[in-house]
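User: I would like to learn how to read a few features of a protein model. Please take them one at a time, with the general idea and then the case at hand.

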Amino acid sequence: MLFWFFFQNGKVVFSEGFGVTSPKKGYNVTSKTLFSMASLTKAFTAALILDVMAKNGSVKLSSTIREVVGNNFCFNDTQRTEYATIEDLLTHRLRVPGNDEFRFNPKIDRQELLNSSEFRVKGTYSSTNYIMVAAITELMSNSSWEELMNQTLLRPLGMTSTKYAADVDFDDEKVAQPYSTYEGQEGYISPAFTKQWDSRCGSGCLFSSADEMANWMNFHLTRGRDIHGQEIFPESFIAELHSPRSFLPATDVSLEQRPEFPVTQTGDLYALGWRVGHYRGYKILFHTGSTPGYASMLTLVPSENVGVFIAMNGDDDGVYY
């Protein structure tokens, strides 16, 4: 029920699946098994809007949301309404709680969010921000976020088996099943729940495999190229994505210290869809993903050209495994 993947200098160093996709069905986990990427999706969303902004020409990270969406757009206070930018969304500086439960209301789609603590003092992590980014991306391009993602990133990077939650067949032997433990009892999470929870995309709807996430890691480590060395994004885009922009209070996993762990890892800076910190003195880029029934983590060590990807189904709220 776990996949562990180590990637260095464009080659797979270690790739191993442990357990089965579900206790009921018993299919072995392999490098092609699809797991929910949860919040690892955010880095894809950030990369996509950079590309769309470049093609648009008139919109920048510093552009206010209102400039893009129109004067009818408003938050519940004047300061955010007038000054909140696309960069504020991408770096969690908006300081508005996630209110994730809105996902259960089928009457609210991601475009609806554009109609609705202290601004920029520090970061407040919110998946809803990235759902709004997906909506803004659609407005700038007159195309769906999903199709743009296919055309701009997934197909060029050879990630043709990567899917959106709405399209996942949970009966497929290549799909890890979501399950959880409640009051000591293991139970499966309904695919209908997962599809509804991830229906707005932007923040956490991608399902992918270790094989295809290797292509994604290579894209970042080679500063914008595919596995054949063909440029997909210019290096300047990758530098923008990786540049720290805000302070985001660390979670347990991003600020590991002695004596609980033998070494210290930091991760209290946020770039565009990536946390930035250090491990054993090496600069790292990483992000965790956690959604009911799944957990994932991806770490890059750019100076060593190393990437590590781990995904599992089941409970792991602290991303400790």
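Analyst: Cys205 has 0% relative accessibility and so counts as buried; buried means under 20% relative accessible area, exposed over 50%, partly exposed in between (1.4 Å probe, protein chains only). This is a predicted model, where local features need pLDDT of at least 70 and side-chain atom pairs count only at pLDDT 80 or more, while totals for chains, interfaces and linings use all residues. Residues are numbered from 1 along each chain as its sequence is written, and side-chain values use heavy atoms, with hydrogens and water left out.

User: Which residue does a disulfide join to Cys201?

Analyst: A disulfide is a covalent bond between the sulfur atoms of two cysteines. The rule applied here takes a pair of cysteine sulfur atoms within 2.5 Å, and the count comes to one disulfide. The partner of Cys201 is Cys205, with S to S at 2.1 Å. This link is right-handed, with 105° about the S-S bond. Cys201 is buried at a relative accessible area of 6%, whereas Cys74 is partly exposed at 33%.

User: In what order do the eight strands of the open sheet lie?

Analyst: Strands (E, at least two residues) and helices (H or I, at least four) are DSSP runs numbered from the N terminus, and two strands pair if DSSP finds at least two bridges between them. The order is 2-1-13-12-11-10-9-8, with antiparallel pairing. Strand 2 (11-18) and strand 8 (246-247) are at the edges with a single partner strand each, so one side of each has no neighbour in the sheet. Strand 8 pairs with strand 9 (residues 269-270) over two bridges, and Ser246 is opposite Tyr270.

User: Is strand 12 mostly covered or mostly open?

Analyst: In a regular strand the side chains alternate between the two faces of the sheet. Strand 12 (residues 294-301) is mostly covered, with eight of its eight residues buried. One side carries Tyr294, Ser296, Leu298 and Leu300, the other Ala295, Met297, Thr299 and Val301, and both faces are covered. Strand 12 pairs antiparallel with strand 11 (residues 282-291) over seven bridges, where His287 is opposite Leu298. With strand 13 (residues 306-313) the antiparallel pairing runs over eight bridges, and Met312 is the bridge partner of Ala295.

User: Which turn residues have a positive phi in the hairpins?

Analyst: The hairpin of strands 11 and 12 has two residues between the strands, and Gly293 takes a positive phi near 100°. The hairpin of strands 12 and 13 has four residues between them, with Asn305 in the turn at a positive phi of about 55°.

User: Which residues touch the most other members of the largest nonpolar core?

Analyst: In soluble globular proteins, nonpolar side chains tend to be buried together. A nonpolar core is a set of buried Ala, Val, Leu, Ile, Met, Phe, Trp, Tyr and Cys residues joined through side-chain atoms within 4.5 Å. Of the 73 residues in the largest core, those are Phe44, Leu90, Leu153, Met213, Trp216, Leu298 and Phe309. Helix 1 (residues 41-56) gives the largest share, nine residues. Another core, of seven residues, lies apart and includes Phe286 and Val301.

User: At what angle do the axes of helix 1 and helix 6 cross?

Analyst: Two packed helices are described by the angle between their axes and the distance between the axes. The axes of helix 1 and helix 6 (residues 145-154) come within 10 Å and cross at roughly 85°. Axes are lines fitted to C-alpha atoms, for helices over the stretch in contact, with angles from 0 to 180 degrees between N-to-C directions.
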